[in-house]
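Welcome, and please open your viewer.

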Amino acid sequence: MPGWRDYLRHLDYVLLLATGALVGYGTTMIYFATRNDVAGEPLVYVRQQLIAMSVGLVAAVIVSLLDYELYRRVQWLLYVLAVFMVVAVLPFGEEVNGATRWIDLGVTRFQPSAAALLLLALSLGAFLSDRMELLGCKRVTFFVLVMAAVPAFFVYREPDFGSSMVIMALALTMLFFYGTPWTHFAALAALGVSAFVVALKVLPLAGLEVIKQYQLDRLFVFVNPGAQARAAGYNVIQSMIAVGSGAFSGRGDQATQTTLHFLPEHHTDFIFAVVSERSGFVGAAILLVLYAVFIWRALRIAVLARDMYGSILAGGVAVTVLFEVFVNTGMTIGIMPVTGIPLPFVSYGGTHMIAFLVFVGLLEAIHLRARTAPEGRTRLGR
Amino acid sequence: MPLLGNDPARRDRPIRTGRRDRPIIQLPSVALRVALVAALAVVLFGVVFFRLWFLQILSGQDFVARANDNRLREVKIVAPRGNIVDRRGEVIVENRPGLAVGLRLMDVPEGRLEDEIVRLARVLKMRPARIRKAIMDHLRPSTMELGDDGEWHSYLTWDAVLEHEITGLDVIIVREDVSERTVSYLKERALSFPGVEVRQNYLRAYPHGTMAAQLLGHLADISAEQLREKHFKGYSAGDVVGVEGLEKTYDRWLRGRDGVARIEVDAFSRPKQSDPVGGRLPEPGHTLVTTLDAKVQEAAERALRTGISLAHRDGKVEANGGAAVVLDARNGDVLAMANYPTYDPGVWVGGISEKKYRRLFVQKGNNYPQLNRAIMETKAVGSTFKVVDAVAGLEEGVISPVEAFFCNGSYKPPVATDKTVFGCWSSAGHGSLSLVDAITQSCDVYFYNVGYRFYAAKGSPLQEWAKRLGMGRPTGIDIEGEAAGRVPTPEWRQKYFRSEVDKLWTPGNSINLSIGQGDLEATPLQLAVTYAAIANGGRVVTPHLGLRIVDAAGQTVRDLHPAKARKVDIAPSTLDLVRQGLYKAANSPTGTSAHVFALYGQPVAGKTGTAEVYDATRSGYVDYAWYASYAPAHDPRYVVVVMIEKGGHGGTVAAPAARVIYDALFHLHSGELTTGSARTD
């Protein structure tokens with residue numbers, strides 16, 4: 001039985017360093033973005049974030065110590081819990097700006113969709129890795145998609161389109177690492193495209209409007225933000241001004257877009273614009289490189305993993321981070337729709353931070369188990 | 001289950017294939033899928049990097065500029081406008097500090113704007129609609145966006161303003177020139193008027209009251225039409241500009257340069273610090289020195305009142321308007337340009353209500369005091385035109401100085417289309433007269449003969465001379481609205497009339513023209529220019545009101561040189577004869593205005609005129625009294641022209657009025673002329 005020595009020896013330190021740098025960078029940026037938001041209390045957001053980070057750190061350590069085999073045994077409990085949370089937020093949640101995304105726990109606010117993402121990763125990964133013998137069966141693909149779609153639907157109803165997209169992306173990624181045949185993905189893609197066409201072109205002709213024009217406008221505003229300079233396009237334009245004005249080396253304390261509130265949501269969804277304005281191309285590039293390192297390490301762990309559960313989980317985490325980073329940064333630089341997906345480890349938001357730190361703990365657990373497996377890598381077939 | 005370490009039971013279960021030779025299959029390669037994800041990651045990161053490169057490195061400076069546009073607001077500091085003074089520096093238009101009430105939309109709580117406007121309007125005694133309009137007009141230029149059709153549209157709506165979607169930091173002036181009392185009322189109730197602010201600004205003031213009101217013009221917010229005018233090129237919406245008159249012509253000099261305070265604001269347009277980040281101080285406007293002489297101008301306006309009261313005394317009770325022009329005969333300086341009736345230009349200050357405007361300027365009963373009759377009203381000039389006959393006749397060789405015509409009180413042209421007989425004003429007749437005497441006594445029959453000879457002459461030489469001497473086209477004075485007048489020619493008749501009979505130019509037309517009647521029309525200013533040309537030896541001057549531009553220190557910034565006088569070749573002998581006639585008309589016992597000027601302290605040369613003008617309201621002709629003159633007769637310096645609408649005889653009404661002006665010009669005190677005067681034209 002490996003002891004503390006082994007534990008410390010087999011941690012993935014590159015992953016830990018990348019995560020630490022991202023979290024540190026993010027906290028610094030939240031400080032600069034919000035120090036003038038509440039008069040006399042420059043640290044009000046940073047403090048909250050630090051508390052969340054401490055909780056996340058403890059949780060991550062615990063998770064890394066536990067054998068992730070544990071989650072396989074309670075996978076259905078985790079799944080039911082995930083669905084319960086996203087359902088419970090609708091009646092019990094707190095409404096902010098027309099969206100019900102948080103449950104007030106008294107001391108802090110809790111975002112079920114972020115926690116559900118973590119639980120779904122664990123339960124869906126377990127579900128799939130338990131069914132390696134059914135690889136290639138359509139019903140597995142179908143069932144996993146339905147399992148993901150149920151919580152995703154409730155998250156969508158909050159409404160939180162971005163988080164529901166992340167859940168679906170996670171499910172698809174896990175199917176991908178599970179080994180789902182290409183034909184299934186091709187069929188899904190065809191289905192998606194035709195559903196899109198039907199919803200957009202055919203049904204309106206039949207007098208049934210599934211998607212309202214303004215929703216479409218909002219979704220595609222990034223194509224031409226100037227056309228809706230005051231409404232949906234405002235955020236995108238202000239964000240692009242912030243990013244662009246950062247130029248090569250950033251504006252530092254002259255970062256007026258952030259400090260004078262031209263940039264909305266500057267500590268949450270648009271934190272990347274804050275980074276880009278303050279630190280310029282250099283700062284943004286450093287941040288992106290850190291993410292690249294993170295994804296590289298996560299993918300590496302997926303390859304190393306002791307078993308398919310570990311591979312699917314690690315792959316799922318890697319792609320989730322990639323997805324969130326691309327959609328979030330893409331939105332601030334005007335190449336993706338504004339969907340409200342946070343930037344992992346950097347955006348302000350306690351539950352999201354804790355969930356992603358737990359993901360890191362999970363990656364470390366997988367890494368650790370792979371390194372200390374009695375027969376080395378014991379995946380079937382070797 | 002051990003916490004640390006590996007669960008030995010944990011193995012991926014074998015996959016059953018049903019094939020005996022290979023009961024366990026190879027799992028799909030995780031490595032391949034990882035490679036695919038890695039490739040996707042490279043592509044996505046590449047896209048983000050490329051985009052960041054484009055935004056930050058290639059367009060970075062543009063975005064810095066846009067970020068600065070966001071955070072820096074420019075607030076205009078209005079420059080005090082320059083004064084308008086007379087040639088001696090006497091102030092005609094100046095600034096006085098005034099109080100303006102404005103509204104800062106930012107500070108009006110959401111949902112209270114409508115109510116506040118209604119209450120504010122009540123306090124300011126104006127209609128709420130005017131406040132709304134002021135707000136909308138102010139916001140419109142800053143709410144333009146480029147539409148899909150390539151045109152600029154304003155997305156401004158009143159609802160958006162009410163709902164605080166469109167708001168602003170600037171104080172929108174809703175009412176200028178608010179009384180001290182109203183301001184203190186508002187200040188005492190500041191809490192119930194959030195967002196209402198009082199500003200000190202400059203307003204136009206007129207120390208001489210109604211004097212020269214028609215020449216000055218007034219100020220107003222620039223209109224959309226004016227923005228397109230060439231005169232206002234480079235101006236922007238929201239500018240206050242001179243409208244009409246001197247304020248308009250010399251606006252660029254008077255307005256100065258507005259200053260700008262650059263203020264850093266946040267996304268809600270709240271200023272971050274009280275000190276401006278930068279900007280520019282306003283430069284006050286320059287002073288316009290005019291050619292006017294306040295004393296002469298006042299005298300000219302008094303003269304009109306005198307003339308009208310003389311007309312009333314003479315039974316012409318309808319006389320209710322007039323104009324007088326005083327020119328420097330040598331260079332066209334307008335020493336005075338007076339109009340009756342007049343009004344207080346202070347009514348424009350702070351904006352005039354539609355109702356008040358209509359009551360003052362549109363209602364017929366006031367006889368249109370805004371009208372600058374001296375340059376806008378064209379009427380027949382009567383006998384004052386005879387000097388043109390004389391110059392033209394002599395220069396064209398139609399008459400000779402010694403040739404005499406016999407006047408028996410009436411004239412019948414040798415060849416005529418009808419049996420019209422043209423009467424002389426003196427029905428008894430003047431007997432045999434040569435040119436000088438004809439001018440002196442203003443004998444109509446003499447000039448009927450001249451007119452008929454011109455009818456027989458080739459072309460239209462008489463009309464050519466009238467035009468050459470300044471009639472039939474604007475004189476080019478430096479204020480807008482000048483009328484061209486009309487010198488009727490056979491060609492004009494062809495174009496102007498419809499019926500074939502009317503199109504014909506008859507001897508009667510030439511005969512009527514010779515005594516300044518018929519279709520001839522000129523402004524008092526044009527007549528003054530014509531007389532100035534006779535007085536100064538044939539130079540047709542361009543009358544002007546602007547003399548020079550002076551800065552705050554009194555230094556001349558620019559001399560306003562008018563267009564050069566146009567020289568008309570007139571033989572000295574011709575001029576000499578005409579001048580003799582004009583001198584005798586004012587001085588010899590038989591002269592038409594001798595009763596006014598014969599014993600006057602300065603030698604005046606002048607011609608009376610009694611023009612018959614068709615009056616539509618009476619369906620008949622009424623007499624307009626004219627007097628056109630210059631003095632001193634032997635070394636002419638001043639030209640004085642007076643016209644009294646419906647005033648009757650020139651000698652009875654207009655000439656005495658002119659004498660009031662000469663009193664001021666020569667510092668004489670001749671007293672009011674009360675004697676019953678000769679019935680001449």
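**A walk through chain B**

Start with P632(B), which sits in the loop between β24 (620-631) and β25 (638-645) of chain B. Bear in mind as you look that this is a predicted model.

P341(B) belongs to the loop between β14 (334-340) and α12 (354-362) of chain B. Most peptide bonds are trans, and most residues other than glycine have a negative phi.

S619(B), in the loop between β23 (605-615) and β24 of chain B, has a positive phi of about 50° without being a glycine. Is S619(B) buried or exposed? It counts as exposed, because it has 7 C-beta neighbours inside 10 Å. Move on to S442(B), in the loop between α15 (435-441) and α16 (444-456) of chain B. S442(B) has a positive phi of about 55°, and it is buried, with 31 other C-beta atoms within 10 Å.

For the last stop, show helices α14 (residues 386-396) and α22 (residues 572-587) of chain B, whose axes lie 9 Å apart at an angle of about 155°. The two helices are therefore roughly antiparallel, and their crossing is right-handed. To see where they meet, select residues including V387(B), V391(B) and L394(B) in α14(B), and T574(B), L577(B) and G581(B) in α22(B). The residues of this contact divide into 7 nonpolar, 2 polar and 1 charged.

Terms used. Residues numbered from 1 in each chain as written. Chains lettered and ligands numbered in written order. Predicted model: local features only at pLDDT ≥ 70, side-chain atom pairs only at ≥ 80, totals over all residues. Axes fitted to C-alpha atoms, helices over the stretch in contact; angles between N-to-C directions. Helix = DSSP H or I, 4+ residues; strand = E, 2+ residues; numbered from the N terminus. Parallel < 35°, antiparallel > 145°, perpendicular 65-115°, else oblique. Left-handed = near helix turned anticlockwise from the far one by under 90°. Contact = placed C-beta atoms within 7 Å. Nonpolar A, V, L, I, M, F, W, Y, C, P; charged D, E, K, R; others polar. Buried ≥ 20, exposed ≤ 12 C-beta atoms within 10 Å, placed from the backbone.
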